[in-house]
Amino acid sequence: MVNNSTQQLDAVFHALSDQTRRGMLVSLSKDDQTVSDLAAPYAMSLAAASKHIKKLEQAGLVTREVIGRTHICRLNAKAMAEAQAWIKQYERFWADRLDDLETELLKAKHKQLAKDET
């Protein structure tokens, strides 16, 4: 059985998997935007932009406020915290691998220097 936390994490990664949606998040990190504003750089219809925004909303990355006929979108960066925590657990793994690589490169360098001296 998949728990709610896992479903939320899946939704965040799914939303972030699309280049257009990531671009929209970058725009929203600077300021609140209308759907038209978000659609403009991509030369897409408002309907297509709305579908992207809906995915971002489902992931909890964006909130939308409707004022009359205008939809104002806002970034909710807190939703990325769980994804960041999930990624962070691999930080030690990669740090260890890079340390191992550095050790091997230093060994190879010393070996080459010793060879060059002879």
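Visitor: Which helices each supply at least two residues of the nonpolar patch?
Guide: H5 and helix H6 (91-117) do. Helices are DSSP runs of H or I with at least four residues, numbered from the N terminus. This is a predicted model: local features need pLDDT of at least 70, side-chain atom pairs 80 or more, while totals for chains, interfaces and linings use all residues. Residues are numbered from 1 along each chain as its sequence is written, and side-chain values use heavy atoms, without hydrogens and water.
Visitor: Which residues make the patch?
Guide: Trp86, Ile87, Tyr90, Phe93 and Trp94 make a nonpolar surface patch of about 540 Å². Patch residues have over 30% relative accessible area (Shrake-Rupley, 1.4 Å probe). Nonpolar side chains are joined within 5 Å, like charges within 9 Å.
Visitor: Where is isoleucine 87?
Guide: In helix H5.
Visitor: What does H5 meet in H1?
Guide: Glu82, Ala83, Trp86 and Ile87 in H5 meet Ser5, Gln8, Leu9, Val12 and Phe13 in H1. Contact means heavy atoms within 4.5 Å.
Visitor: At what angle do H1 and H5 pack?
Guide: About 90°, with their axes 9 Å apart. Axes are lines fitted to C-alpha atoms over the stretch in contact, and angles run from 0 to 180 degrees between N-to-C directions. So H1 is roughly perpendicular to H5 (65 to 115 degrees).
Visitor: New topic: at what angle do H2 and H4 pack?
Guide: Helix H2 (residues 19-30) and helix H4 (residues 46-58) pack at about 75°, axes 10 Å apart.

Definitions and conventions
Parallel < 35°, antiparallel > 145°, perpendicular 65-115°, else oblique. Salt bridge = Lys/Arg side-chain N within 4 Å of Asp/Glu carboxyl O.
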